[in-house]
Amino acid sequence: MSFLTYISNLGLKATDSPDFSRRVRLINQMSLLGTVMCFLFIFGLLIGQNYYYLPFQCSTTALVSLFYFFSKNRRYTLSMYWVNFTLLLDVFYASIELPGSGSEYLLIPLGFVFFLVLKNKKIAIAYCTMTFVVCCVSHFLQKSYVPHFITPDFVIQISYVVVLSSVFTSSAIIIIRFRSNNSQYERIIHKQRLIVETKNKDITDSINYAKRIQQAKLPKKEEINSLFPQSFVLYKPKDIVSGDFYFFHKTSPYIEMDGEQLVFIACADCTGHGVPGAFVSIIGSERLKHAVLQSSNRSKILQLLNKG
């Protein structure tokens, strides 16, 4: 396992949802990026021999590094706010202590981090607005604030280039990591969709086959029309298979009742819909057929059905 993977998955559990895991990985990666930039800033101060600002930057770096313990204990929201507000204070102070270094431009990637990890867009907009205000304030304070250490011009110029490079690099890393995480979960979603589609097709094929079995147990419409030419059957299952059934049976040999042939017709509504209802309908149809074959008395038929 690489160091980046270890930090990205800090505190995550296998039971965490994909969306939660994605946001946590982004928080951990952005916190690590902020820590690395703090260490690079310390290195820059050592080159420029700015020993006045160095203790403050070392303290800030130590504070930012605490994200590891917050994330380790699954305090991700605290880790995110802790790192971002610490860096915000650090960049603000650096911009007025090192005028002309372009440190305030580091607020640009900081302002958009919250949009990537927060579901509440109002908080993200508020934080972005705050970083913009801090950037403006630091720009105006540079004109009146007197730095405690006079930094040589060549160091300021180098710092300016380094800061701009850091802004573009950090912004690119944030975008790349965000797109990488999204692409990863898009692949997972696509794979899961294929699995669901395959399962759905298998289940639908099975239900369609069950429909053919159920329809085979229903009386033929031609047989009904042969005795009742003007009749029709309205049979519209709610799902592919139905929890209802209709029944038709004429006695054999013919039983005459007042000179008319005896015919049994029934419309049955079984408990349930879909596949469970279809099972009950097949059982009900078989039991009704069995009862009619044993007796032509309607009361007796109902008693036989009640026995099951």
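In helix 3, the residues Phe56, Gln57, Thr60, Leu63 and Val64 meet Trp82, Val83, Thr86, Leu87, Asp90 and Tyr93 of helix 5; contact means heavy atoms within 4.5 Å. By class, this contact has seven nonpolar, three polar and one charged residues. Nonpolar covers Ala, Val, Leu, Ile, Met, Phe, Trp, Tyr, Cys and Pro, charged covers Asp, Glu, Lys and Arg, and polar is the others, Gly among them.

This is a predicted model, with local features needing pLDDT of at least 70 and side-chain atom pairs pLDDT 80 or more, while totals for chains, interfaces and linings use all residues. Numbering runs from 1 along each chain as its sequence is written, and side-chain values use heavy atoms, leaving out hydrogens and water.

Now the geometry. The axes, lines fitted to C-alpha atoms over the stretch in contact, of helix 3 (residues 54-65) and helix 5 (residues 76-97) come within 9 Å and cross at roughly 165°. The two helices are therefore roughly antiparallel, the word for angles over 145 degrees.

Next, helix 7. Its 24 residues, 121-144, should span 34 Å at 1.5 Å a residue, and its end C-alpha atoms are 35 Å apart, which agrees. The expected span is 1.5 Å times one less than the number of residues. Buried in helix 7 are Ala124, Tyr127, Cys128, Thr131, Val134, Ser138 and Gln142, where buried means under 20% relative accessible area with a 1.4 Å probe, protein chains only. The buried residues of helix 7 pack against helix 5 and helix 6 (107-117).

For the chain, buried residues make up 35% of the 308 residues.

Conventions:
Axes fitted to C-alpha atoms, helices over the stretch in contact; angles between N-to-C directions. Helix = DSSP H or I, 4+ residues; strand = E, 2+ residues; numbered from the N terminus. Parallel < 35°, antiparallel > 145°, perpendicular 65-115°, else oblique. Buried < 20%, exposed > 50% of the residue type's maximum accessible area, 1.4 Å probe, protein only.
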